[in-house]
Amino acid sequence: KQITRISASVQAPNEISRWHFMLLSEGTVLFLLLLSGGLALLYLLSDEMRRSRQIRGFFAAFTHDLKTSLASLRLQAESLEEDLKESSEGRIARRLVKDTVRLELQLDNSLFIADTEMGQLHIERVNVRDIVQSLKHHWPELRIELAQNCFVQADHRALESIFKNLLQNAVVHGKASQVEIRCEPLDGG
C-alpha cells in the first residue's frame, strides 16, 4: 500500500505540471489570436476612414463643380429670360430659370442630408430676416413678407433648407404669389 501512495504522489506533480503548461499555452494562443484580431480590426477601421475621407473629398470637389455649373446655367437662363421678356419664348426662359432653381434646391437638400448624416447640426442664434432676404432672389415672382423679425436657435443651413423647400412647394404646388412668414414665441419664450 505504501508503494501505491508513492506513485500517486509522483504522478500528481507531473499531472499538475502538464495541466499548467496546457492552460498557459492555450491562454497564450487565445491572447495572441485576440491581439491579432484587434490589430486587424484597427487596420480595417483606419483603411475605411481613409476611404471615407477620399470619397468625401471627391464629392466635395464634384458638388463644387456642379454648383458652379448650375449657377452659370441659371445666370444664363436669367439673362435669356430678360432678353426674351416681351416675346413668346420668354415663357420658356422663365420655366428654364424655375427648373434651375429647383435643381439647385434638390442639390442643396441632398448635400445637406449627406452632411448631417456624417456630423452634428451646428445650433446657433439665427436671424430669420437674413435667411428670408437671402432667399428672395430665388423666387423673384414671389412676394415674401416677414411679419416681424425674430431670432431662433437652429442650424443655419437646416433652417435655410426648410424655408427653401416651403417656398418651392408654395410656388410649385400652391401656385402662390405671396408668402407671409410669422414668428411666434413658444411657451417659456
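Trainee: Which residues are linked in a network of salt bridges?

Mentor: Side chains of opposite charge can pair when their charged atoms come close. In this predicted model, such a network links Asp 47, Glu 48, Arg 50 and Arg 51.

Trainee: How many salt bridges does the structure hold?

Mentor: The count is nine.

Trainee: What does the side chain of Arg 18 meet in a salt bridge?

Mentor: The partner is the side chain of Glu 15, with an N to O distance of 3.0 Å. Both residues belong to helix 1, which covers residues 2-83, and because they are three residues apart there, about one helical turn separates them.

Trainee: Where do Arg 74 and Glu 78 lie?

Mentor: They too are in helix 1, four residues apart, or about one turn of the helix.

Trainee: Is Arg 74 buried or exposed?

Mentor: The cut-off for buried is under 20% relative accessible area. Arg 74 has 6%, so this residue is buried.

Trainee: Which residue forms a salt bridge with Glu 180?

Mentor: That residue is Arg 182, and the closest N and O atoms of the pair are 3.1 Å apart. Glu 180 is partly exposed at 43% relative accessibility. Arg 182 has a relative accessible area of 58% and is exposed, because exposed means over 50%.

Methods: Residues are numbered from 1 along each chain as its sequence is written. This is a predicted model: local features need pLDDT of at least 70, side-chain atom pairs count only at pLDDT 80 or more; totals for chains, interfaces and linings use all residues. Side-chain values use heavy atoms; hydrogens and water are left out. A salt bridge is a side-chain nitrogen of Lys or Arg within 4 Å of a carboxyl oxygen of Asp or Glu. Helices (H or I, at least four residues) and strands (E, at least two) are DSSP runs, numbered from the N terminus. Buried means under 20% relative accessible area, exposed over 50%, partly exposed in between (1.4 Å probe, protein chains only).
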